[in-house]
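Please look over the sequence and the model shown below. The notes that follow go through its strands, its pocket and some backbone details.

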Amino acid sequence: MSKTVYTQDVLQGRQVIEHLQAEELPEGIHSFWFRPQNNGIGQSWHLPVIVFRGEPEVDGPKVMITAGVHGDELNGVITAQKVIQQLQAQPIKGTVTVVPIVNVSGMLMHSRDFIPSDPDASPTNINRIFPGNPDGDAAQRYIAAIWQNLLGHNADFAIDLHTQTRGAEYPLYVFADYRIPQTVKMARLMNPDCIFDDPGDEGVLETVWNRSGVPSITVEVGAGKVLQPDMIERSLQGVLNILKAEGVIEGEPKPASQEHYEGKKVITVRSEVGGFALPQVEIGSRVEAGQLVAIQYDSFGDELKRYEAPSSGYVLSVNQDPMREPGTLLVRLLK
């Protein structure tokens with residue numbers, strides 16, 4: 001087993017590390033800054049990391065909780081911070097590692113994407129390039145360092161916290177690969193509004209975890225770039241439910257307070273013209289094929305187009321920002 005690699009640097013009273021080996025830490029709470037690489041002016045990116053380590057003699061799983069992979073998705077970040085606060089006084093079996101901000105560049109730039117310093121490089125959706133490439137561009141190297149030195153070896157199961165991006169909203173919504181029983185169990189323990197049977201896309205952190213033999217779910221906590229305390233509280237309780245069910249912390253998981261919807265297909269209704277679109281359905285409602293879901297207007301307020309549901313299903317997402325150009329999301333259904 002390798003060791004945690006400490007640098008000579010201390011930032012805001014916390015040690016800077018370049019490699020984490022969570023289970024070799026002594027019992028207690030350990031907080032670090034993790035350094036994946038330098039930026040364009042030779043300064044370091046720093047990710048906040050906190051590890052809750054139980055008694056080494058007591059068996060328990062390694063849990064990884066991440067958030068902020070997309071820099072404009074704040075409810076997940078606050079949920080991760082709330083988990084940290086809840087675990088401060090709890091006895092732990094195993095280890096719980098929380099990384100509340102993965103995409104530091106995107107967070108600082110209020111952007112979904114990683115924003116490189118290279119003027120020739122485009123912004124990158126880093127949740128499409130895991131596990132990264134140590135010989136690739138800046139974003140690929142950033143992710144490779146995070147995967148190889150922080151995430152990949154420190155988990156027996158993992159939870160990745162997100163939201164819908166700016167301009168649209170999700171309910172409390174979980175992606176889970178139904179071929180892996182533990183991911184289905186975790187998804188249902190979140191007590192969400194809905195779950196998508198997700199076989200996984202290339203480069204997504206959840207997919208890379210699952211293909212590495214580490215059961216993982218992605219949890220969408222409402223809307224992007226807004227604070228939703230009710231969603232945060234629900235997602236916090238869901239994470240604590242999982243930790244209780246796995247014996248990491250004491251207590252019984254709370255039973256679901258409502259039914260949830262499970263689907264296998266996502267259908268997106270996109271705008272066909274530019275203009276101002278007003279949704280005609282609400283998140284969580286059920287629609288039938290042919291039902292009106294959105295009306296779009298031009299700059300003078302004249303009606304341009306009406307949009308109907310192509311299928312029956314559960315309303316998974318609607319646009320919050322009414323200004324829509326061709327090809328952008330109006331309504332998303334889960335079927």
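Strand 8 is mostly covered, with nine of its nine residues buried; buried means under 20% relative accessible area, exposed over 50%, and partly exposed in between, using a 1.4 Å probe and protein chains only. Helices (H or I, at least four residues) and strands (E, at least two) are DSSP runs, numbered from the N terminus. This is a predicted model, in which local features need pLDDT of at least 70 and side-chain atom pairs count only at pLDDT 80 or more, while totals for chains, interfaces and linings use all residues. Residues are numbered from 1 along each chain as its sequence is written, and side-chain values use heavy atoms, with hydrogens and water left out.

**Pairing of strand 8**

- Strands of a sheet pair through backbone hydrogen bonds, either parallel or antiparallel.
- Two strands count as paired if DSSP finds at least two bridges between them.
- Strand 8 runs antiparallel to strand 10 (residues 216-223), and five bridges join the two.
- Within this pair, Val174 stands opposite Val219 in strand 10.
- Strand 8 runs parallel to strand 9 (residues 194-197), with four bridges between them.
- Here Ala176 stands opposite Asp197 in strand 9.
- Strand 8, helix 4 (residues 181-189) and strand 9 form a right-handed β-α-β unit; right-handed means that, with the strands pointing away from the viewer, the path from the first strand over the helix to the second runs clockwise.

**Strand 17**

- Strand 17 (residues 313-319) is largely enclosed by the rest of the structure, because seven of its seven residues are buried.
- Strand 8 (residues 168-176) and strand 17 run antiparallel and are joined by two bridges.
- Ala168 is the residue opposite Asn319 in strand 17.
- Strand 14 (residues 286-287) is also joined to strand 17 by two bridges, and these strands run antiparallel.
- Arg286 stands opposite Tyr314 in strand 17.
- Strand 19 (residues 329-334) pairs with strand 17 over four bridges in the antiparallel sense.
- The bridge partner of Val315 in strand 19 is Leu333.

- The strands of an open four-stranded sheet come in the order 16-15-13-18, with antiparallel pairing.
- Strand 16 (303-308) and strand 18 are the edge strands, and each pairs on one side only.
- Strand 13 (residues 275-279) and strand 18 are antiparallel and share two bridges.
- Phe276 has Met323 as its bridge partner in strand 18.

**The largest pocket**

- Rolling a probe the size of a water molecule over the atoms shows where empty space is left.
- The largest pocket holds about 630 Å³ of space.
- Of the 32 residues that line the largest pocket, Arg112, Arg128, Gln164, Tyr170 and Arg332 are the closest to its centre.
- The elements that give two or more residues to this lining are strand 8, helix 5 (205-211), strand 10, strand 12 (266-270), strand 18 (323-324) and strand 19.
- Strand 8 gives the most to the lining, with four residues.
- By class, the lining has nine nonpolar, eleven polar and twelve charged residues; Ala, Val, Leu, Ile, Met, Phe, Trp, Tyr, Cys and Pro count as nonpolar, Asp, Glu, Lys and Arg as charged, and the others, Gly among them, as polar.
- On a 1 Å grid over the protein atoms alone, a pocket is an open set of points where a 1.4 Å probe fits, with protein on both sides within 12 Å along at least five of seven lines, and lining residues have an atom within 4 Å of a point.
- Grid points are joined across faces, edges and corners, and a volume is the space filled by probe spheres set on the points.

**Backbone details in loops**

- Phe130 and Pro131 are joined by a cis peptide bond, with omega about 5°.
- Pro131 is in the loop between helix 2 (104-108) and helix 3 (138-151).
- His110 also lies in the loop between helix 2 and helix 3.
- His110 is not a glycine, yet it has a positive phi of about 55°.
- His110 counts as partly exposed, at 43% relative accessibility.
- Lys225, a residue other than glycine, has a positive phi near 60°.
- Lys225 sits in the loop between strand 10 and helix 6 (229-245), and it is partly exposed with a relative accessible area of 26%.
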